[in-house]
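Welcome! Please take a look at the structure below, and then walk through it with this short briefing.

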Amino acid sequence: DDIKNAKEKDNWKIVQDFYSTTFDSFMEINAVFKRDPGKEYKSTEDPGLKMDFVQIVFDNLLDTPQEIQKATLKATINSLLKDKRPHTKDDLRAYLVLMQNPQFESASTYVIFAHMLRQIAALNDHDHHFLVHWIRRLKSVPVRKLIKRLHSFISIRLFPPRPQDLPPMQKCSWWVPSATKVMALINAANNLSSPPLVPFYEFYNPTLDHLDLMAEYYTWQNPSSCAGFSFCQYPFILSITAKRTILQRDSEQQMIIMARRSLVAKVQRRQLPDVGMLFLNLNIRRAYLVSDSLNEIAEKQHDLKKKLKVTFVGEPGLDMGGLTKEWFLLLLRQIFHSDYGMFTYDKKAGVHWFSSAQCETYQEFNLEVASGLKDLLIYDGDVEDDFGLTFQVSQSEFGSVKTVELKPGGADISVTKANREEYVQLYVDWVLNRSIYPQFQAFYHGFHSVCASNALIMLRPQEVEMLVCGNPNLDMKELKKVTVYDGYSSNDPAIKNFWDILFSFPLDLQKKFLLFTTGSDRIPIGGMSEMQFKISRVSGSDLLPMAHTCFNQLVLPGYKSKKSLRQKLLTAIENAEGFGLE
């Protein structure tokens with residue numbers, strides 16, 4: 001109302017006095033924005049602020065005359081200069097308010113913003129704990145704005161479009177670490193929120209992809225010799241692309257180290273070195289895919305970190321990457337098949353899990369037990385008499401029923417209303433973890449025998465899934481944008497027909513096409529735009545389309561009709577297994 005009146009009367013004195021006074025000290029900020037200025041609000045659950053009023057004040061600030069905006073910044077400087085130790089809860093409330101000032105989106109205010117971030121980053125753990133829980137109480141919109149503001153601050157400081165507008169880097173090297181530490185508080189608040197305030201990927205700063213990522217990684221890995229700040233200490237801010245780069249290069253370094261050791265060992269034994277010693281060479285018969293793979297890997301444990309090369313016995317294909325991709329695909333297809341017994345699949349959750357081998361525990365849990373456990377937790381009657389349960393579970397093993405105690409003496413401990421939550425937790429833990437412990441232990445050991453990079457701890461579970469499974473978004477129009485042609489042009493009728501046909505395919509056929517041409521039905525985590533794809537012309541309209549999966553290349557004869565092209569392409573992608581040489 002004050003701003004409305006000021007606009008109508010062109011008299012901004014009341015508004016200017018409000019902003020100048022409110023932000024001149026932490027005490028004034030609390031007097032204006034606390035719901036009850038006389039109350040202390042010392043709980044982590046409630047910051048005691050009128051958050052809607054905070055938003056109104058800041059939303060209107062940028063619509064005021066420049067004099068008022070300058071006065072607000074001057075008042076903010078005064079309040080920050082009065083910083084004192086130890087900090088009170090009112091100080092923390094003031095920081096929470098000031099963080100939301102939209103003026104800090106402008107690079108001209110970055111010196112003030114930086115000093116505020118430095119003060120917040122320097123707070124002790126107890127104060128940070130309160131701030132994290134209070135940030136949880138914010139709505140998604142202000143949190144999203146704050147994240148965006150910090151991203152801009154970090155990006156512009158690292159890669160300034162106008163360096164002359166900012167202080168020299170050597171005088172403000174603390175800017176980026178301070179901003180990143182404050183971002184870490186917001187990330188912690190987001191992780192504690194269910195559902196999260198924003199998706200985790202909104203914390204990614206893609207500008208950091210252009211840094212020397214391995215220098216960041218080595219600084220993090222060698223704190224004694226490379227003391228200083230590293231973004232790897234705060235992996236939430238690194239994009240999945242940046243993390244993939246670090247993992248890949250770290251893996252390549254391990255491959256080089258293992259190959260070098262093999263070379264040195266050969267020389268020391270006065271043996272003639274050969275190219276094959278630089279690789280993990282697997283010779284696989286298709287008819288005995290799993291057994292041959294297991295035997296080869298078991299015999300070559302010392303080579304597991306070398307670059308992989310696969311040979312299918314009896315086939316002339318040379319592994320430039322395509323054979324390896326096909327081997328992985330065929331192997332995973334077999335070991336994940338339900339008949340193989342290694343994994344079970346839950347259709348409702350859409351995930352595979354380890355089979356406990358002796359029984360169908362996981363499926364049984366999903367079909368019958370889960371709803372019963374839910375009923376147990378909400379039951380209002382006499383749990384002990386009506387359910388008649390004890391702390392044990394039964395499983396079918398080799399035709400007989402075997403009981404397992406969920407805790408020592410569990411057979412003699414009745415489930416009651418007081419201990420039913422413990423019973424449910426132990427039951428679920430047994431189904432998902434303890435019953436398949438040997439299987440998971442073997443998987444864990446195998447995984448870390450190959451993927452022993454310290455960079456793995458930088459990944460969220462969702463990011464591990466993305467790296468393993470690729471990007472789930474299949475967009476053939478993006479593939480068209482990155483395609484290059486050899487013998488064709490993008491305007492040739494055959495090429496136009498090809499893309500029309502591919503776009504018309506359902507998702508399963510599009511995946512089969514990718515499998516046929518690239519050796520995998522998955523796409524890179526960065527999407528189709530990260531792929532290289534080539535379509536080459538070959539004479540002979542009676543031939544089927546061919547593919548060089550090592551190079552993501554489709555060899556396409558110049559068919560005379562769209563109908564013929566569709567028929568030949570379908571035949572090729574439906575029979576895309578095996579390798580040959582022309």
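Let's start with aspartate 127, which lies in helix H8 (residues 125–135); helices here are DSSP runs of H or I with at least four residues, strands are runs of E with at least two, and both are numbered from the N terminus. This is a predicted model, in which local features need pLDDT of at least 70, side-chain atom pairs count only at pLDDT 80 or more, and totals for chains, interfaces and linings use all residues. Residues are numbered from 1 along each chain as its sequence is written, and side-chain values use heavy atoms, with hydrogens and water left out.

- Aspartate 127 is buried yet has no salt bridge, and the nearest side chain of opposite charge, lysine 89, is 4.6 Å away.
- Buried means under 20% relative accessible area, exposed means over 50%, and partly exposed is in between (1.4 Å probe, protein chains only).
- A salt bridge is a side-chain nitrogen of Lys or Arg within 4 Å of a carboxyl oxygen of Asp or Glu.
- For charge, Lys and Arg count as positive and Asp and Glu as negative, while His and the chain ends are not counted.
- Not counting residues up to four places away in sequence, aspartate 127 touches His87 and Leu92; contact means heavy atoms within 4.5 Å.
- Eight of the eleven residues of H8 are buried, so this helix is largely enclosed by the rest of the structure.
- Its buried residues pack against helix H6 (89–98), helix H7 (110–121), helix H9 (140–158) and H10.

- Alanine 179 is found in helix H10 (residues 175–192), and counts as buried because its relative accessibility is 0%.
- Leaving aside neighbours within four places in sequence, alanine 179 is in contact with Leu117, Leu150, Phe153 and Ile154.
- Leucine 166 sits in the loop between H9 and H10, and its relative accessible area of 10% is why it counts as buried.
- Leucine 166 and alanine 107 are 59 residues apart along the chain, with 8.0 Å between their C-alpha atoms.
- Ala107 is also among the residues that leucine 166 touches, not counting residues up to four places away in sequence.

**An exposed residue**
- Leucine 294 lies in helix H13 (residues 289–299), and counts as exposed because its relative accessibility is 52%.
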